[in-house]
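Dear colleague,

I am passing on the structure below, and after it I set out what was found. Please read the notes with the coordinates open beside you.

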Amino acid sequence: MAAAEEEDFGVFVDWAQMGDVSRDAPAGKTEYKDPKELKQHARLGQWAKNHTQRALVYRQLIKALPCRAVTADAAVYRDIVGNSSSKRNPANFPLPEFVDGAAVPLYCLKPEAAGSVHAIISCVAGEFPDVSHCPALPAVVALMLHWSPDESQCFEAVGRLLACNEPGRRMLDQTFLAYQSSCMTFGDLAHKYCPSAHKLMVAAATDVLEVYADWQRWVLGDLPFSHTARVMDVFLVEGYKVLYRVALAILKFYRKHKAAGGATTQQDSAGVKADIQAFVRGIGSSVSPDKLLEKAFSIRLFSRKEITLLQLANEKSLQQKGITVRQKRYTSNQ
């Protein structure tokens, strides 16, 4: 524990952007024996104001993930990339095609940390050849870097999220088939659990599925850091279903926001996507992190089993149509 307390978990962070989060407060409780207490603390934001506590809790949670026997770790990263604390040039580490053009959100990182995010993603691409489509990866790496004392430990944490092999539990979509079926599953869930918001989408957009294809980016990429960090607290404890819940809550708040603005006119899907993105990026002005999570977990009768069944049915449907890999429509911006 003493060694952990000597580590600087905020080395990549621009502290001017971190508000009232304490960098130096004692870590407090970081190990949980009672799963109920852990779940409650994650949902209530128990670690939100204490940076070191959150970093150490995350370390425990990620260490506890069941993973493939051979998973590239921090030592592998140090051997391949080194662990330079000096500024890296992002151009030296082009993002792999599997992030599908997703940008790196810096959140509250120092500007020079962008090179570190690129280097970690580049190493993931080399060491995890099974990952063929993962647009959420830039956001996940950038987020985890906030609580990492060096690049290699961030790489190891992200690697364990990718290598998690617990039956029925996955942390991140890693193939186009899984990603595409999760977009269809989100549409199914929106139709069932957010009927008013879904009707608005049908009325507003020419292609609803195209709008829903952004659902993961709303949560991992567009949400402000204070909200996304709270989502990560719960995601690392409860898993993938949390992302669906938060995205559905975002959709409900977006509908409320549009209802206040009067009549809806139909526009192309790109216009609706941009409008939702702008709303999510500015959500802090009307919805606090507490309010967002409260809404997310107020959706009833929503189980991991239901999500898994929907996901499998959608995957089967896509496979029957022969849609299993991303069609390369463009290469200029890769």
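A residue is called buried here when its relative accessible area is under 20%. Please keep in mind throughout that this is a predicted model.

With that cut-off, the buried residues of helix H14 are Ser269, Val272, Lys273, Ile276, Gln277, Phe279 and Val280. They lie on the same side of H14, because the arc they cover around the axis is only 160°. As background, an α-helix has 3.6 residues a turn, so residues three or four places apart point the same way. H14 itself runs over residues 269–281, and its 13 residues reach 18 Å from the first C-alpha to the last, close to the 18 Å expected at 1.5 Å a residue. The cover over its buried residues includes helices H9 (195–204), H10 (208–212) and H11 (215–222), together with H13.

The largest nonpolar core has 112 residues, and those with the most contacts inside it are Met201, Trp218 and Val246. Helix H13 (residues 241–260) contributes the largest share of this core, with 11 residues. Leaving aside residues up to four places away in sequence, Trp218 touches Phe186, Val211, Tyr212, Leu223, Ala247, Ile250, Leu251, Ile276 and Val280, and of these Ile276 and Val280 are among the buried residues of H14.

One further residue of H13 deserves a look, namely Lys241. Is Lys241 buried or exposed? Its relative accessible area is 17%, and Lys241 is therefore buried. Not counting residues up to four places away in sequence, Lys241 touches Phe302 and Ile307.

With best regards

Terms used: Residues numbered from 1 in each chain as written. Predicted model: local features only at pLDDT ≥ 70, side-chain atom pairs only at ≥ 80, totals over all residues. Heavy atoms only, no water. Core = buried A, V, L, I, M, F, W, Y, C linked by side-chain atoms within 4.5 Å. Buried < 20%, exposed > 50% of the residue type's maximum accessible area, 1.4 Å probe, protein only. Helix = DSSP H or I, 4+ residues; strand = E, 2+ residues; numbered from the N terminus. Contact = heavy atoms within 4.5 Å. Expected span 1.5 Å × (residues − 1). Arc of directions from axis to C-beta.
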